[in-house]
Structure formats: C-alpha cells, structure tokens
Amino acid sequence: MGALSLRARAVLGGAVWILFAVGLSGYLLLGAFDAIAERSFARNLSAQLDQLESLILTGAMTEAPDQTRLADPRYLRAGSGYYWQVERPDGTIVRSPSLQERVLPLRTLTAGEEFFTARAPEGFKILVIARGLRPQGDGDGTPWRVYAAEAIVRLERDKLEFRRTLFSALIGLGGALTLAAAAMTG
C-alpha cells in the first residue's frame, strides 16, 4: 500500500480543517441561538407578570378578581400550557381559567423575581416566573406573589427546528467546501 499522494494529503488536510471550522461554527451558533431563545421566552413571561402587576396596582385583583383576564386568549383554555396565578396577601389565590381549580407550585418570595421549572397540572414541564410585589399603601406590607408559567415544549421545539436547519446548512457547506478544496488541488 503506497503513501498518499500530495493531492490526496492536501484534500484530506483541507477536509479536516473544514470539519473543525464548521463544527466550531455550529457549536457557537447553537449556543448563541439557545441563549437568545431562552431570553425571549423569559421576557415573554416577564411581560405577562407586568400585566398582572398592573391589574394589582389598579385594584382589579381586589375589586373583581373573578373577572381578571390577561389579553392573551391562551390563558383561557384548560391545558393550554399557559398559566398565571396571583397569591393575595390574605392567602386567596386568583388564577387563570387555564388552571381551572389547580394551582402552580408556590414560593416564599417576598421581593424580586425568581425563575424555576415545575410540572404543569397536566404533567408536562413548565417554566415559571414568580415575583413578589408590595404595592404602596398596602396595609400590613404582606407581599402579593405573582406567577406566570408557560410550557417549555414550545421553546424546545424552536431549538430543535433551529438545530435541524443549522445541521443541514452546515453539512451542505462542509461538503461544498470540501469539493471546492478538491477541485482546487486537481
């Protein structure tokens, strides 16, 4: 068995470097996309908490808690994977129609925000954001606890779709670069 020709070694060396560069690029792009997708997901949940907070501050949670609704209709449908709930200072829980009579896991949060994963009443994984809120002029200073949650399946589906598209593009790019390297050494 003879040694590889100079052309074969050049093509093989080029293919190894192309594989390395394409693999590193894919790794960096996946990390960047995951971080962006997760931040977007968290911002959406935080925006839902902002809506709930405004309902608390305007008195809607005190005056007509059963009539409280968020603008997003997905919070109306049971089992939709979109939930919100408010734990009032007196311990009463007001919740989205999507929760029906069930509740999200409660936290002993007094101020600030906290993210955690939990199981939805239907059993699938959800990301929950909780915020402790102390409205000004609120008698004893006991915090309201506000929660918004969404099924992680949408986030995971978006990540999977991006991975499939990225891998297809990188395989095509790697193949095209390898063919170009082979043609240039020929």
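## How helices 1 and 3 pack

Let's start with a helix pair: in this predicted model, the axes of helix 1 (residues 6-57) and helix 3 (residues 153-185) come within 9 Å of each other and cross at roughly 160°. Helix 1 is therefore roughly antiparallel to helix 3. Here axes are lines fitted to C-alpha atoms, for helices over the stretch in contact, and angles run from 0 to 180 degrees between N-to-C directions. Angles under 35 degrees count as roughly parallel, over 145 as roughly antiparallel, 65 to 115 as roughly perpendicular and the rest as oblique.

Sorted by class, the contact of helix 1 with helix 3 has 18 nonpolar, four polar and seven charged residues. In this sorting, Ala, Val, Leu, Ile, Met, Phe, Trp, Tyr, Cys and Pro are nonpolar, Asp, Glu, Lys and Arg are charged, and the others, Gly among them, are polar.

## Aromatic pairs

A pair of aromatic rings is described by the distance of the centres and the angle of the planes. Rings of Phe, Tyr and Trp (its six-membered ring) pair if their centres lie within 6.5 Å; planes under 30 degrees apart count as stacked, over 60 as edge-to-face and the rest as tilted. By this rule there are three aromatic pairs. One of them is Phe33 with Phe162, a stacked pair at 4.1 Å centre to centre with 10° between the planes. This pair links distant parts of the chain, with Phe33 in helix 1 and Phe162 in helix 3, 129 residues apart. Phe33 is partly exposed at 22% relative accessibility, and Phe162 is partly exposed at 25% (buried means under 20% relative accessible area, exposed over 50%, partly exposed in between, with a 1.4 Å probe and protein chains only).

Tyr75 and Tyr82 form an edge-to-face pair, 6.0 Å centre to centre and with 80° between the planes. Both Tyr75 and Tyr82 are buried.

## Overall layout and confidence

Stepping back, the protein has three helices and five strands, which run α-α-β-β-β-β-β-α from the N terminus on. Helices (H or I, at least four residues) and strands (E, at least two) are DSSP runs, numbered from the N terminus. Of the 186 residues, 36% are buried.

The average pLDDT (the predictor's confidence in each residue, from 0 to 100) is 84, and 88% of the residues score at least 70. Confidence is lowest in helix 2 (residues 60-63), with a mean of 66, and highest in helix 3, at 90.

## Strands and loops

Val94 sits in strand 2 and is buried, with a relative accessible area of 7%. Its C-alpha atom is 8.6 Å from that of Trp84, ten residues away along the chain.

Asp90 lies in the loop between strand 1 (82-87) and strand 2 (93-95), and is exposed at 53% relative accessibility. Asp90 and Thr142 are 52 residues apart in sequence, yet 8.4 Å apart in space, C-alpha to C-alpha. Another loop, between strand 2 and strand 3 (112-119), holds Gln100. Most residues other than glycine have a negative phi. Gln100 has a positive phi of about 55° although it is not a glycine, and is partly exposed with a relative accessible area of 43%.

## Reading the values

Residues are numbered from 1 along each chain as its sequence is written, and side-chain values use heavy atoms, with hydrogens and water left out. As this is a predicted model, local features need pLDDT of at least 70 and side-chain atom pairs count only at pLDDT 80 or more, while totals for chains, interfaces and linings use all residues.
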